[in-house]
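Subject: The structure we talked about

Hi,

Here is the structure I promised to pass on, with my notes below it.

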Amino acid sequence: MVEKMYRDTWAEINLDAIAYNITQIKEKLPQDSNVIAVVKANAYGHGIVPVAKKALESGASGLAVAILEEALTLREAAITAPILVLGFVPAKYASVAAEHNITLTFFQLDWIKEVGKQDLINPLKLHLKVDTGMGRIGIRSDEEMVSILQEIAKNKNIHLSGIFTHFATADAEDLSFYREQTERFEAFLHVFKKFWKKPVMIHIGNSAAAIRFPEKMYNCVRFGISMYGLYPSQEVREEHAIQLKQAFSLHSRLVHVKKIAKGESVSYGQTYIAKNDEWIGTIPIGYGDGWNRKLQGMNVLVNGKRMPIIGRICMDQTMIKLDGYYDVGTKVTLIGSEGNDCIEMDEIARYLDTITYEIPCMINERIPRVYVDSN
Ligand SMILES: Cc1ncc(COP(=O)(O)O)c(C=O)c1O
């Protein structure tokens, strides 16, 4: 992508909000608890390098990503903090991780055996993933754990530095399965501690668990969605256990304003026919930017007032119905605050029948991220 912005459509990422949200969770957690900032998927669409740097400056002690490529991007940006890859990395790439001091997640005996045969430049750091009910990746039995620990003990090039699990329902109203998972993890940990005497990082909490049960989070949490100022679910939001500031907002400007006559249509398929003489504005954003076509009918903010998206959203342009004449160049806010109103990420997620996590991720790289940082 070229560096200069020639089109007036941008996402504003408020790094002060990232810092604020980390401070908020740290205040809830016990003093000796660490925060791992989860910056996978381009920091949930916010921009991996600026967010990672801000998170570390603001008190996070490490970073977590989903894939090795993301960890390498952070190292290329001269970030030296601990980085954990949460997803599966093929054993043949263990040497890449070891070379760059990147910690990998593992959960298979064959994987450990294959890594054990390799000549690694540095010892490889690993965290053991336990599947307590998420059903995604992780060991599921004591036998698996014991055979894996025995294999690790044989190998000087492998440094086991953590054990963790992930919750499926920590954000839900019904916490019975969450409790089942915590009990299963405790049972695993009991066996683990019998076989492994060296200290390790122990982490179970995502945002929801960290916010709801801060005192039960062992020595570390993996803080993702709420670092970005978003609540993992409506339930967690309504509990008011934490105050967050949304870091992501999305803006554009009117590039064309016109009056159409009653009966005239707007956009592909003529799905919108004006009921009266109406003012119509065009903004340069479309589904080619990840601005989902199903957002037809959703509101945007112009001068702090809600105006609906009308007609089909095109690949690069979207039309809105204005309540009167506005100058070309007037700012339009698609996500975030403007005047006294705010289009929250939650509202867009509900409209699209999805979760807030997906919204900043769906706004693709054609939309430049502009960073606001008062420090
Ligand atoms: C393994 C793992 N840990 C932590 C997180 C962060 O969760 P959250 O964004 O809900 O805080 C995720 C996110 O999907 C994850 O997959």
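A residue is called buried here when its relative accessible area is under 20%, and exposed when that value is over 50%, with partly exposed in between. By that cut-off T9 is buried, because its relative accessible area is 0%. Please keep in mind that this is a predicted model.

**T9 and its surroundings**

You will find T9 in strand β1, which covers residues 9–14. Its side chain makes a polar contact with the side chain of S252, at 2.8 Å. Leaving out neighbours within four places in sequence, T9 is in contact with H251, S252, P284, I285, I367 and P368.

**The chain as a whole**

The chain has 375 residues, and 52% of them count as buried. It holds 12 helices and 20 strands. Along the principal axes, the C-alpha trace spans about 80 × 45 × 40 Å. The domain assignment gives domain 1 (15–230) and domain 2 (248–354), and the C-alpha centres of these two domains lie 41 Å apart. Among contacts between residues at least 6 apart in sequence, 67% join residues at least 24 apart.

**The annotated positions**

Where does UniProt place the feature "active site"? The record, an unreviewed entry, puts it at K40 and Y268. These positions span 229 residues in sequence and their farthest two C-alpha atoms are 36.2 Å apart, so they do not all gather at one spot.

K40 lies in helix α2 and is partly exposed, with a relative accessible area of 28%. Not counting residues up to four places away in sequence, K40 touches A64, V65, A66, E70 and L86. Y268 is in the loop between β12 (265–266) and β13 (272–273), and at 57% relative accessibility it counts as exposed.

**Aromatic rings**

A pair of aromatic rings is described by the distance of the centres and the angle of the planes. With ring centres within 6.5 Å taken as a pair, the count comes to eight aromatic pairs. One of them joins Y44 and Y228: the ring centres are 4.7 Å apart and the planes are at 25 degrees, so this pair is stacked. The pair links distant parts of the chain, with Y44 in helix α2 (residues 40–44) and Y228 in the loop between β9 (220–223) and α10 (234–239), 184 residues apart. Both Y44 and Y228 are buried.

Another stacked pair is F106 with W111, because their planes are at 25 degrees, with the ring centres 6.1 Å apart. F106 and W111 are buried as well.

Back to the tyrosines for a moment: ring pairs link Y44, Y228 and Y357 into a cluster.

**Charges over rings**

Which ring has the charged end of K245 over it? That is the ring of Y20, and the charged end sits 4.0 Å from the ring centre. K4 lies over the face of Y6, at 5.4 Å from the centre of that ring.

Those are my notes; happy browsing!

Best wishes

Key
Residues are numbered from 1 along each chain as its sequence is written. This is a predicted model: local features need pLDDT of at least 70, side-chain atom pairs count only at pLDDT 80 or more; totals for chains, interfaces and linings use all residues. Side-chain values use heavy atoms; hydrogens and water are left out. Rings of Phe, Tyr and Trp (its six-membered ring) pair if their centres lie within 6.5 Å; planes under 30 degrees apart count as stacked, over 60 as edge-to-face and the rest as tilted. Helices (H or I, at least four residues) and strands (E, at least two) are DSSP runs, numbered from the N terminus. Buried means under 20% relative accessible area, exposed over 50%, partly exposed in between (1.4 Å probe, protein chains only). A charge sits over a ring if NZ of Lys or CZ of Arg is within 6 Å of the ring centre and within 35 degrees of the ring normal. A polar contact is a pair of N or O atoms within 3.5 Å; within protein, one must be able to donate a hydrogen and the other to accept it, and residues adjacent in sequence count only if both atoms are side-chain atoms. Contact means heavy atoms within 4.5 Å. UniProt positions are given in the numbering used here, feature names are shortened, and annotations may be inferred rather than shown by experiment. Domain bounds come from an automatic or database domain assignment.
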